[in-house]
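I opened a new notebook page for this protein.

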Amino acid sequence: FLVDQGGVAATLKDGSIFFQEYPTSPAVHVLNGGIFALLGVHDYATYFENDHYKALTRQTLETLKDHWRDWDAGMWTLYDLYPLRRFASRMYHELHIRQFRTLAQLFKMNEFDVVADRWQGMQKGILNRLFWAAHKVYEKISMRWTKK
């Protein structure tokens, strides 16, 4: 099921499985797309009572539990991990919070609520929002220069 085998998952640096929104090589690791895919695998596993996909769901939940910090820039969330580690837009940052709240509720994993609380707190800080805006400008300029 890995991208290099025609699938839609890739591994993080430690070998943990993460679903890909864009099955590319190298893997991009888009947070919201990976979570939406995880929820789809969970739905499939539940509907068809498929133990293999139930185990894959648990394994991917553990990946998120162990690696959420990879998408945490300290002041905002990242949209992806490669190549630019782009900051999430305001909409995607809010989506990340909502997705983690959904994971906490659906799978009874309070640690996801703790992460969502952290990320929600990031939205309230004026310095965080200013840093986010400055970083987004930097990203746009950087992307323009690298295309030339």
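I count a contact when heavy atoms lie within 4.5 Å. This is a predicted model, where local features need pLDDT of at least 70, side-chain atom pairs count only at pLDDT 80 or more, and totals for chains, interfaces and linings use all residues. Residues are numbered from 1 along each chain as its sequence is written, and side-chain values use heavy atoms, without hydrogens and water.

**Contacts.** Residues 24 or more positions apart account for 50% of them.

**Overall form.** I found five helices and two strands. Helices (H or I, at least four residues) and strands (E, at least two) are DSSP runs, numbered from the N terminus. Their order along the sequence is β-β-α-α-α-α-α. The C-alpha trace spans about 45 × 35 × 25 Å along its principal axes.

**Burial.** I call a residue buried under 20% relative accessible area, exposed over 50% and partly exposed in between (1.4 Å probe, protein chains only). Of the 148 residues, 43% are buried.

**Core.** A nonpolar core is a set of buried Ala, Val, Leu, Ile, Met, Phe, Trp, Tyr and Cys residues joined through side-chain atoms within 4.5 Å. The largest one has 35 residues. Which members touch the most others? They are Leu 31, Leu 64, Phe 100, Leu 103, Phe 112 and Trp 119. Two or more residues each come from β2 (17–19), α1 (31–47), α2 (51–67), α3 (90–107) and α4 (110–124).

**Trp 119.** I left aside neighbours within four places in sequence. Trp 119 then contacts Leu 31, Trp 68, Asp 72, Thr 77, His 93, His 96, Ile 97 and Phe 100.
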